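This note sets out some points on helix packing and the nonpolar cores. Please read it alongside the sequence and the structure shown here.

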Amino acid sequence: MSASAPVRPGGRVPAGESAPPTGHRPHRRPRGLVGGVLLLVGVVLLPLGLAAVRARTELTETDGYVAAVAPLAGNAAVQEAVVDEVTDGVMAHVRLDGLLKAVPRAERPAVRRHFTRGIRQYVTRQVRQVVTGHGFPAMWNGVHRTAHRTLDGSLTAPGRSAVTLDLTPVVERVRGQLSHNGIGLDVVRRVPTAGARIVLLKAPDVPRVRALYDLVHTGARLLPPAAALCLAGGLLLVRRRRRALIGAGAGCAAAAGLLAMALALLRRRTLDALPAMVSRPAADAYADALTDPLLTGVWLLIGAGTLTAALAAGGPQAARALRARLAARGAGGS
């Protein structure tokens with residue numbers, strides 16, 4: 001018995017005196033507080049780790065990036081943007097001065113516009129045949145593979161040099177198309193080998209993207225295990241694990257929802273900042289291709305968190321009912 005809290009016969013404690021503390025009670029509150037903090041940290045880190053892993057895949061893994069953009073070879077908006085870019089590259093080297101010498105000086109502007117429009121329409125048709133042809137997907141993948149390797153080299157090495165999407169293979173195929181169809185006017189000879197390039201990353205932006213690259217690379221390595229350890233440690237430390245599971249599941253779903261909203265806001269601001277010359281439909285298609293896998297993971301995380309919270313709230317009966325339903329579906333399918 002504690003000397004500060006004598007107990008009278010019958011087990012009663014004198015008025016104004018507190019009951020003696022039990023052996024474990026002083027340690028329960030700090031332990032539960034630490035567990036709650038760990039759960040909160042894990043809930044925040046889990047969606048951030050998911051985003052970092054996906055970003056690392058696209059920034060550092062060439063195969064993952066090429067696989068993400070490969071379907072764009074059949075996207076109509078992207079094809080039209082490539083057609084416009086390559087046609088502009090070809091038309092920049094078309095010269096009509098020799099033809100216009102026999103035309104009166106006053107009529108030359110109108111004749112120049114007429115011939116230029118006709119030649120552009122013809123070149124556009126030839127470029128579109130190449131871009132919509134069976135061999136374009138292979139060219140598209142090769143162009144992006146080269147561009148991604150250039151990007152990876154720019155981000156891992158010092159210095160700042162612009163990263164471009166080199167459409168030389170497409171221009172070469174167009175040169176062959178024009179030569180085969182015989183356009184005349186010596187267009188084929190005038191078109192250079194490197195006829196069209198699309199700037200993916202300007203030189204002044206390289207240091208900022210390099211810092212983001214380093215942050216993503218580190219986060220993808222550290223955040224997922226840190227989130228898992230925090231969630232596991234928090235569940236082990238808290239007393240009421242059922243309530244903790246409800247909170248952790250709901251928190252993960254809410255954090256993933258906030259990440260989805262942040263991605264949507266970032267996507268809109270990035271697209272709005274593009275120059276007017278960039279095709280907005282093609283940029284939308286690129287953004288969708290690069291962010292859809294991440295959004296799929298975010299929605300899966302929202303579903304998993306919501307399901308975890310619902311099962312914990314329903315208790316063992318809900319878990320048994322779900323297992324029975326899944327087993328019934330499996331037996332019916334077999």
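How are H3 and H11 oriented to each other?

1. The model is a predicted one: local features need pLDDT of at least 70, side-chain atom pairs count only at pLDDT 80 or more, and totals for chains, interfaces and linings use all residues. Residues are numbered from 1 along each chain as its sequence is written, and side-chain values use heavy atoms, with hydrogens and water left out.

2. Helix H3 (residues 76-91) packs against helix H11 (residues 280-314) at an angle of about 125°, and their axes lie 8 Å apart. H3 and H11 are therefore oblique to each other. Angles under 35 degrees count as roughly parallel, over 145 as roughly antiparallel, 65 to 115 as roughly perpendicular and the rest as oblique. Axes are lines fitted to C-alpha atoms, for helices over the stretch in contact, and angles run from 0 to 180 degrees between N-to-C directions. Helices are DSSP runs (H or I, at least four residues), numbered from the N terminus.

3. The contact (heavy atoms within 4.5 Å) is made by Ala77, Val78 and Ala81 of H3 together with Pro281, Ala282 and Ala285 of H11. By class, this contact of H3 with H11 has 6 nonpolar residues, no polar and no charged ones. In that scheme, Ala, Val, Leu, Ile, Met, Phe, Trp, Tyr, Cys and Pro count as nonpolar, Asp, Glu, Lys and Arg as charged, and the others, Gly among them, as polar.

4. Ala77 belongs to helix H3. Leaving aside neighbours within four places in sequence, Ala77 is in contact with Pro281 and Ala282. Ala77 and Ala282 are 205 residues apart in sequence, yet 5.0 Å apart in space, C-alpha to C-alpha. Ala77 counts as partly exposed because its relative accessibility is 23%; buried means under 20% relative accessible area, exposed over 50%, and partly exposed in between (1.4 Å probe, protein chains only).

5. The largest nonpolar core has 30 residues, of which Val86, Phe136 and Trp140 touch the most other members. Such a core is a set of buried Ala, Val, Leu, Ile, Met, Phe, Trp, Tyr and Cys residues joined through side-chain atoms within 4.5 Å. H3 gives the most to this core, with 6 residues. Not counting residues up to four places away in sequence, Phe136 touches Ala73, Val82, Val130, Val131 and Val170. A second, separate core of 10 residues includes Ala256, Ala260, Leu263 and Leu294.

6. H2 is mostly covered, with 6 of its 8 residues buried. These are Thr62, Gly64, Tyr65, Val66, Ala68 and Val69.

Conventions:
Helix = DSSP H or I, 4+ residues; strand = E, 2+ residues; numbered from the N terminus.
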